[in-house]
Amino acid sequence: MTSAAFNPLIDTLSLPPIPLVQKWAKAYDGSRGKLLDLAQAVPGYPPAPEMLTWLKETAGDASYTGYGPIEGDLDLREAYAKEVSNIYRSPIGTHQIHITSGCNQAFVAAVMTIAGAGDSILLSDPFYFNHDTTLDMLGIGVKRFALSEENNFIPRISDLEAALDPTVKAIMLVSPNNPTGAIYPAEWLEEALFLCQKKGIWMILDETYRDFLPLDQSHPHDLFAKSSWGENFIQLYSFSKSFCIPGHRLGAIIAGETAIQQIIKVMDNLQICAPRPPQGAVAKGIVELDNWRAENRNEIARRAEALKEALRPLEKWHVASIGAYFSYIKHDFDGVSSEVIAEKLGREYGVSCLPGTFFGNGQDSYLRFAFANIDPASIHLLTERLKGFTLTS
């Protein structure tokens with residue numbers, strides 16, 4: 001008897017990395033104090049009470065049990081259009097917005113719309129691992145450009161251009177970045193979009209963490225002020241972090257109207273429409289939770305400062321980059337894989353984090369700390385945990 005075969009594009013993928021890190025953390029015996037979970041990027045505080053109330057109401061409302069518009073319920077798209085028009089100081093309409101079931105799905109829909117077998121997408125190295133595996137799964141090629149600590153993990157435009165070839169259909173960027181936390185300057189993003197326009201390719205920008213920019217940064221960029229932005233630019237976003245509802249899976253795409261019409265074709269086959277009860281709740285939250293969201297931005301800034309303070313006294317650990325939800329931490333254990341260090345930290349020291357090797361080649365010296373997960377007092381516990389870290393048993 002011959003076993004049936006799997007799709008080789010799926011069969012050759014590694015298993016998802018987060019469960020592996022969680023397995024290491026579950027092996028921790030608590031001997032050094034409570035577990036410090038800096039692994040998966042999840043909000044370290046609950047949703048607003050009003051959001052929980054609205055979610056209960058919409059979940060129990062029969063009008064949300066049927067299919068909605070493929071591109072998302074109008075009330076959410078209207079609320080989001082008004083918000084992003086204010087954020088980017090440029091008019092963005094409901095016809096330029098598509099609601100998705102999370103930002104990962106937004107990425108899948110975007111790349112399926114613009115690329116297929118034989119095409120490539122240009123990714124950074126290090127990269128967000130779900131972007132890389134999505135492209136592998138779809139049979140879309142990957143080209144790479146390097147991010148370096150020496151350049152504050154901001155790409156060089158010349159490196160982007162040098163990595164392009166005729167197969168590349170888009171440059172994929174993430175800012176604030178995952179895993180490094182680096183924030184790409186507005187002027188740099190304009191240069192990157194100009195390069196894409198010159199080459200006739202797309203620029204996809206994942207801004208999942210834009211609500212947690214540094215307090216002195218008023219808005220992310222002015223790309224939507226360009227009259228022709230819709231011909232080359234696709235922006236991705238997630239409501240999960242801002243409203244603390246990652247389990248409800250809600251994201252958004254902003255693109256030109258022609259691109260949105262193409263994305264609708266993809267989404268109709270992926271899911272038909274994003275979950276509707278959270279759409280109704282988030283539509284209210286955009287309008288009514290401004291002050292609550294602003295305080296969360298302040299709280300994340302406090303946590304970022306706490307992490308810098310916690311690592312400042314340490315000799316073998318330092319903050320290579322930090323921003324929004326993430327910090328890229330460099331360790332000084334030469335020749336030791338970051339996966340070995342992350343496993344030992346999780347199992348024996350109660351510090352759960354992701355090794356740099358999960359994010360690409362040449363990342364053995366780095367670990368990703370998702371500092372938004374835990375409060376400042378818990379972050380300060382890292383000082384003693386990391387000071388006492390040794391590779392010997």
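In which loop is A324 found? A324 sits in the loop between β9 (317-323) and β10 (326-331). Strands here are DSSP runs of E with at least two residues, helices are runs of H or I with at least four residues, and both are numbered from the N terminus. A324 has a positive phi of about 55°, although it is not a glycine. At 7% relative accessibility, A324 counts as buried. Buried means under 20% relative accessible area, exposed means over 50%, and partly exposed lies in between (1.4 Å probe, protein chains only).

The model is predicted: local features need pLDDT of at least 70, side-chain atom pairs count only at pLDDT 80 or more, and totals for chains, interfaces and linings use all residues. Residues are numbered from 1 along each chain as its sequence is written, and side-chain values use heavy atoms, with hydrogens and water left out.

The protein has 15 helices and 13 strands. Its radius of gyration is 21 Å, close to the 21 Å that the globule rule gives for 393 residues, so the protein is as compact as a globular protein of that length. The radius is taken over C-alpha atoms, and the rule is 2.2 Å times the number of residues to the power 0.38. The C-alpha trace spans about 60 × 60 × 50 Å along the principal axes. Of the 393 residues, 55% count as buried. Among contacts with a separation of 6 or more, 75% come from residues 24 or more positions apart. Contact means heavy atoms within 4.5 Å.

The surface and the charges come next. The protein exposes about 16800 Å², and carbon and sulfur atoms supply 51% of that area. Accessible areas come from the Shrake-Rupley method with a 1.4 Å probe; for residues, only the protein chains shown count as cover. There are 34 positive and 46 negative side chains, and the centres of the two sets lie 3 Å apart. Lys and Arg count as positive and Asp and Glu as negative, while His and the chain ends are not counted. Each charge is placed at NZ of Lys, CZ of Arg, CG of Asp or CD of Glu.

The largest nonpolar core has 103 residues. A nonpolar core is a set of buried Ala, Val, Leu, Ile, Met, Phe, Trp, Tyr and Cys residues joined through side-chain atoms within 4.5 Å. F239 and W317 have the most contacts inside this core. Beyond its neighbours within four places in sequence, W317 contacts L311, I329, K330, H331, F333, I341, L345, L367, L386 and F389. Another core lies apart, with 27 residues, among them I121, V174, I204 and I253.

A252 lies in strand β8 and is buried, with a relative accessible area of 0%. A252 and Y237 are 15 residues apart in sequence and 5.1 Å apart in space, C-alpha to C-alpha. C244 is found in the loop between α9 (240-243) and β8 (251-255). C244 is buried too, with a relative accessible area of 7%. Leaving aside neighbours within four places in sequence, its contacts are P43, Y45, P46, P47, F239 and W292. The C-alpha atoms of C244 and E305, 61 residues apart along the chain, are separated by 21 Å.

N296 is found in helix α12 (residues 290-311). N296 is buried, with a relative accessible area of 7%. V21 is placed in helix α2 (residues 17-26) and counts as buried at 2% relative accessibility. Neighbours within four places aside, V21 contacts A39, S352, C353, L354, P355 and F358.

Some backbone angles also stand out. Most residues other than glycine have a negative phi, and most peptide bonds are trans. F153 has a positive phi of about 60° although it is not a glycine. F153 is found in the loop between β4 (141-146) and α7 (157-163) and counts as buried at 1% relative accessibility. A cis peptide bond joins D125 and P126, with omega about 15°. P126 lies in the loop between β3 (120-125) and α6 (129-138). The bond from S175 to P176 is also cis, with omega near -10°. P176 lies in the loop between β5 (168-174) and α8 (186-199).
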